[in-house]
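Please keep the sequence and the 3D view open while reading.

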Amino acid sequence: MDATAIDHVNLRIPADGLDAAVEFYRDALGFDIENRELFESGEKPFFSVRLTPASVIHLRPAENFDPPTETAFDHVAIEFAHDIDELRDHLEAAGVEIDRQLEPLGATGVAPAVYVTDPFGYTLELKAAADDD
């Protein structure tokens, strides 16, 4: 079995979370929202946040949504082609609070990252491009 990538992550959000999701993922972080029309028409039970040409986060509004807990969920890591200062500047300009900054080990090695929390309690690790210094 030779996996090539993670295709998608499926996260539940509150039933009324569409607007908050669009404001955070599209307006603040700059990702495209896909399948919104299909979700709103009832044709799909979720809409998607396009991270890369080959990866998405499906957001599935649910009446029985419970925010993530430390025992059930930790974070989703997203790699960016920006350095840490560019990431921090973008988040500051968008009014997104940075929870912490670390240099974690990930699938592509060690690189600086900032951690933010989305409107539903999910932690996102926004991993900067590795320094070439």
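What distance separates the centres of domain 1 and domain 2, taken over C-alpha atoms? The two centres are 18 Å apart. The model is predicted, and the values below are computed from it.

**Domains**

- The chain is split into domain 1, covering residues 1-65, and domain 2, covering residues 69-132.
- At the contact between them, 16 residues of domain 1 meet 16 residues of domain 2.

**Sheet**

- An open sheet is built from 4 strands, in the order E1-E4-E3-E2, with mixed pairing.
- The edges are taken by strand E1 (8-14) and strand E2 (32-34); each has a single partner strand, so one side of each lacks a neighbour in the sheet.
- From one strand to the next, the twist averages 30°.
- Strand E3, residues 47-52, pairs with E4 in the antiparallel sense, and 5 bridges join the two.
- In this pairing, Thr 52 lies opposite Ser 55 of E4.

**Helix H1**

- Helix H1 spans residues 18-28, and its buried residues are Leu 18, Ala 21, Val 22, Phe 24, Tyr 25 and Ala 28.

**Aromatic rings**

- With ring centres required to lie within 6.5 Å, the model holds 4 aromatic pairs.
- One of these pairs is Phe 73 with Tyr 122: the ring centres are 5.1 Å apart and the planes stand at 80°, so the pair counts as edge-to-face, the cut-off for that class being over 60 degrees.
- The pair links distant parts of the chain, its two members being 49 residues apart.
- Phe 73 belongs to the loop between strand E4 (55-62) and strand E5 (76-79), whereas Tyr 122 belongs to the loop between strand E9 (113-117) and strand E10 (123-127).
- Are the two residues buried or exposed? Phe 73 has a relative accessible area of 21% and is therefore partly exposed, while Tyr 122, at 7% relative accessibility, is buried; the cut-off for buried is under 20%.

**Charge over a ring**

- Which residue has its charged end over the ring of Tyr 115? The residue is Arg 100, and its charged end sits 4.1 Å from the ring centre.

Terms used. Residues numbered from 1 in each chain as written. Predicted model: local features only at pLDDT ≥ 70, side-chain atom pairs only at ≥ 80, totals over all residues. Heavy atoms only, no water. Phe/Tyr/Trp six-rings, centres within 6.5 Å; stacked < 30°, edge-to-face > 60°. Buried < 20%, exposed > 50% of the residue type's maximum accessible area, 1.4 Å probe, protein only. Lys NZ or Arg CZ within 6 Å of the ring centre and 35° of its normal. Pairing = 2+ DSSP bridges. Axes fitted to C-alpha atoms, helices over the stretch in contact; angles between N-to-C directions. Domains from an automatic or database assignment. Contact = heavy atoms within 4.5 Å.
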